[in-house]
Amino acid sequence: MATRSKQVPLLFRPVPRGGRLLKHLLLIGFGLVMLYPLLWMISSSLKPEDLIFREPGLWPSAVTLDNYSEGWTSLKHTFGYYLWNSAVITGLSVLANLVACSLAAYAFARLNFPLKKLWFAIMLGSIMLPHHVTVVPQYIVFANLDWINTIWPLVVPKFLATDAFFIFLMVQFIRTLPRELDEAAAIDGAGYWRIFLQVILPLCMPALATTGIFTFIWTWNDFFSQNLYLTNSDNLTVAVALRQFLDSSGESSWGPMFAMSIVSLGPIFGFFLAGQKYLIRGVATTGLK
């Protein structure tokens, strides 16, 4: 009796060495195209301001660090002041999302309460609601609370678990955890809070890291909300302070703006590199059962 040879799927067939080389060259080429704006901004931050647009290449004919010293001190406060403002708002936002979204996700994934499916559907529906739709009513509420020019409009909503995307992300991750862990802890006398803190939360580190990294990046780079609620020059964050280097009626300080843009990217890269291992695990495992 003739035996049938097993057909290896095309996806899992070994790629010839020449094909792998071509694939890597294409990936490197696409990577350089994506990195070009960043490399150009780094190069421009090291050029004298009169050469930034006269020499569009990446290699500067003259190098200077004056843009960094001028950009650091040219605004009302030193740029470190605005970095601190952003760090406070971003740090509180990350903490708020980690606490509130993990609690809401645990409730949706593990607890039973009236109209659970309805509330979960409403929560998912809020993801499709554009942020700009709620700006006017939110602004009226915060103005009546006398919260304009304070950090509270930017931070307090996150303590109320308003970022439905992160709730859904953590719900999907918690659902991948075996319920036998909860049952074993309940047999040992653990209640809901102890199960959450000692069993579920330690296992959710990849999802927590994903939430923290994305919250950090989105809050740090948020210009619209911070420009809307923080109009006093003493409360400006990095995203809004960079806008002060541009003048629609006169000359813009391009060199200092590029230099401070590079400085403002430092915390983002550092935070991402510190948690990239957990980020990859969180994105790869969320939603898989």
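Select Asp182 and Arg110: their side chains form a salt bridge, 2.8 Å from N to O. This pair ties together distant parts of the chain, with Asp182 in helix α8 (residues 179-187) and Arg110 in helix α3, 72 residues apart. A salt bridge here is a side-chain nitrogen of Lys or Arg within 4 Å of a carboxyl oxygen of Asp or Glu. Helices are DSSP runs (H or I, at least four residues), numbered from the N terminus.

The model is predicted: local features need pLDDT of at least 70, side-chain atom pairs count only at pLDDT 80 or more, and totals for chains, interfaces and linings use all residues. Residues are numbered from 1 along each chain as its sequence is written, and side-chain values use heavy atoms, without hydrogens and water.

Now check the cover. Asp182 is buried at 11% relative accessibility, and Arg110 is buried at 9%. Buried means under 20% relative accessible area, exposed over 50%, partly exposed in between (1.4 Å probe, protein chains only).

Next, select Lys158 and Asp163. Their closest N and O atoms are 3.3 Å apart, in a salt bridge. Lys158 is buried, at 16%.

Move to Arg54. Its salt bridge partner is Asp50, at 4.0 Å between the closest N and O atoms. Arg54 is exposed, at 62%. The whole structure holds 4 salt bridges.

Return to α3 and pick Val99. Val99 is partly exposed, with 38% relative accessible area.

Finish on α10, residues 205-220. Of its 16 residues, 13 are buried.

Definitions and conventions. Helix = DSSP H or I, 4+ residues; strand = E, 2+ residues; numbered from the N terminus. Expected span 1.5 Å × (residues − 1).
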